[in-house]
Amino acid sequence: MRTSLALAVAGAAIATAYGTPKPSYGDEYSKVPASCSRLPSYQRLVNQTYVLPDPFHFVNGRPVRNEADWYCRAAQIRELFQKYELGYKPAKPQIFSSTWSNNTLNITAGVSKSKTINFSIPIKPANITSNGASPAVIAYNGVSVPIPAQAATIVLNVDQIALQDNSSSRGIGLFYDLYGNDTTTAGALMAWAWAVSRILDALEAHPEAGINPRKVAVTGCSRNGKGAMVAGAFDERIALTIPQESGSGGDACWRTSRDMLVNQNLATQTAQEIVTENVWFRESFDYFARDNYTVGLLPVDHHELAGLVAPRGLYSTNNVGFLWLGDWSTLECMTAANTIFQALGVADHQGFSQDGPHNHCSFPADQEAEIAAFYNRFLLDGAVSTDVFRTVSNKTFDPKWTPWAVPDLVA
């Protein structure tokens, strides 16, 4: 562990520079009590910590005591992620319309009459249909997991929304055409999440599409898996979130990935490497990724991002064949995330499955029954078990990462 006065002062300075944010809660956050908007999300960045941040205490130190408290705390965590890592997700724009024809949603969004964007979302109907509306799976840039026959498939071209070729891609895409590269803070992951929310808005407006907008899953693999995790965390209408082999920036925590590299000499991606690769995060997140120590100043980590999905369904997978995906880091991080699901009385609403080695973004046969169970429970209303938490590795969770008690929030 290394702490320096210079980093402490710099941390405080960056927090002061950003100022006290204005929380923006939209239709996506149905469970947020109105009183939560009065909660401060300002946090002095003066302490480097190499254990995972406590999700069960507000930034002022007050404990989370019940379920209502948790939804306020979740709102605070969302604010911290937007402020320090992901950038802010704009609410549904004032100018918004959509049409449905030829199995395609055509969406128009605008901030003024002279500044609008249009994008089309093709939908492949379910192979097995019933008299009611079908569930659907939104897949980032193509399908890499099995899709149940009862569900429609919606492929979102995320590069059209926010390009992610390399570190020079920032500000390119429809999202930035609408909001302006100089005025929005959102990185690509949050821009994609915005697009998912607009798809849900359009599905709500078009029952003739035959899709139940409350029975939608979102998925993606690798970089797209990072995006799926963010979408699920920032729209409570999403019933099931399936990040596949998402690694650091997805279902691996920044601190556990840093520990895997620095203390265990295992070649996994860290925040320092990721910000040089692409534009997934807000530009100022680079401050926390300057080296493998400043990440300890970040007031949140990805066990809390995963916890924002609770109590809805979350099934994440990892491939032990690729060290850079951080197999140990994801195991530690998702085990810590499960404490949030436990506190809400829904531990089995989160599944985690480590398999491999196998080709990156392929889906092994022994995970098919697991993902089918999650589809069955969260999209098809089946009464099935989703008690899945396993690894094929010999690694075990180190309790040093979670030195905080898990409250019973639903007692």
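Are Phe 175 and Trp 194 buried or exposed? In this predicted model, local features require pLDDT of at least 70 and side-chain atom pairs count only at pLDDT 80 or more, whereas totals for chains, interfaces and linings use all residues. Residues are numbered from 1 along each chain as its sequence is written, and side-chain values use heavy atoms, with hydrogens and water left out.

Both Phe 175 and Trp 194 are buried (under 20% relative accessible area, with exposed over 50% and partly exposed in between; 1.4 Å probe, protein chains only). A search of the whole structure finds 19 aromatic pairs, for which rings of Phe, Tyr and Trp (its six-membered ring) must have centres within 6.5 Å; planes under 30 degrees apart count as stacked, over 60 as edge-to-face and the rest as tilted. Phe 175 and Trp 194 form an edge-to-face pair, with 5.6 Å from centre to centre and 70° between the planes. Because Phe 175 belongs to helix H4 (residues 174-179) and Trp 194 to helix H5 (residues 188-205), this pair ties together parts that are 19 residues apart in sequence. Helices (H or I, at least four residues) and strands (E, at least two) are DSSP runs, numbered from the N terminus.

The ring centres of Trp 328 and Trp 401 are 6.2 Å apart and their planes lie at 65°, so this pair is edge-to-face. Trp 328 and Trp 401 are buried.

Strand S1 (residues 95-101) pairs with strand S2 (residues 104-112) in the antiparallel sense over seven bridges, pairing requiring at least two DSSP bridges between the strands. S2 also pairs with strand S3 (residues 115-124), in the antiparallel sense over eight bridges.
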